[in-house]
Amino acid sequence: MTLCGKGHDNWSTWTSTDGTVHKYCKICRRERARKYSERKKNAKGSHTEKEFLEKLRQYERCPSCNRKWEDIPNSKGNARYKITEDHIIPLLKGGTNDIDNIQPLCYQCNFQKGYSVK
Ligand SMILES: [Zn+2]
Ligand SMILES: [Zn+2]
C-alpha cells in the first residue's frame, strides 16, 4: 500500500489522451480545490465582464511584453484565451478583484508570471 505525500490512502485515477493512467489522491485534490475557491471567495471586491472589456479598450497592447493583441499567437487556436485578466496585486498578496486591480495581459505573460518566483 502506498500513501500520498500527506499520508492518505484514497487514490483515484484518470486517463490522459495518450492512454497513460495517472494516479491522484482524492483527499488532497479536494483540499486543493477547497483552498482555491476559498481564496477566491475571500478576495475583496468584484468587477463585471463589461468593466473588464471597457478597461481592455484602454490597452492597445499587452502591458508586459508590449506586443499588440493581434500580434500575439492564438493559444491552441482559440482566440478566447489570448487576453487574460491579470491581478496587478496578486490575490495572495492581498489584492482585490476590483477593476482597479485588474489589467489585461496576454496569456503568455500571464502563464509565465504564474511560474516566476519573485
Ligand atoms: Zn493525499
Ligand atoms: Zn504579453
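**Briefing: a predicted chain of helices and strands**

Strands S1 and S2 form a hairpin with five residues between them, and Gly19 in the turn has a positive phi of about 90 degrees. This is a predicted model, in which local features need pLDDT of at least 70 and side-chain atom pairs count only at pLDDT 80 or more, while totals for chains, interfaces and linings use all residues. Residues are numbered from 1 along each chain as its sequence is written, and chains are lettered from A and ligands numbered from 1 in the order in which they are written.

**Overall architecture**

- The protein chain holds three helices and four strands, where helices (H or I, at least four residues) and strands (E, at least two) are DSSP runs numbered from the N terminus.
- Read from the N terminus on, the order of these elements is β-β-α-α-β-β-α.
- Of the 118 residues in the protein chain, 6% count as buried; a residue is buried if 20 or more other C-beta atoms lie within 10 Å of its own, exposed if 12 or fewer, and partly exposed in between, with C-beta atoms placed from the backbone.
- Among contacts between residues at least 6 apart in sequence, 47% join residues at least 24 apart, two residues being in contact if their C-beta atoms, placed from the backbone, lie within 7 Å.

- Strand S1 (residues 11-15) pairs with S2 in the antiparallel sense over five bridges, pairing being assigned if DSSP finds at least two bridges between two strands.
- Within this pair, Thr15 stands opposite Val21 in S2.
- Strand S2 (residues 21-25) is hardly covered, since the count of buried residues among its five residues is zero.

**Helix H1**

- Helix H1 (residues 26-42) has 17 residues and reaches 24 Å from its first C-alpha to its last, close to the 24 Å expected at 1.5 Å a residue; the expected span is 1.5 Å times one less than the number of residues.
- H1 is likewise hardly covered, and the count of buried residues among its 17 residues is zero.

**Loop residues**

- Ser46 lies in the loop between H1 and H2 and is exposed, because 10 other C-beta atoms are within 10 Å.
- Ser46 and Ile99 are 53 residues apart in sequence and 7.0 Å apart in space, C-alpha to C-alpha.
- Asn66, in the loop between helix H2 (49-56) and strand S3 (83-87), has a positive phi of about 60 degrees although it is not a glycine.
- Asn66 counts as exposed because it has 11 C-beta neighbours inside 10 Å.
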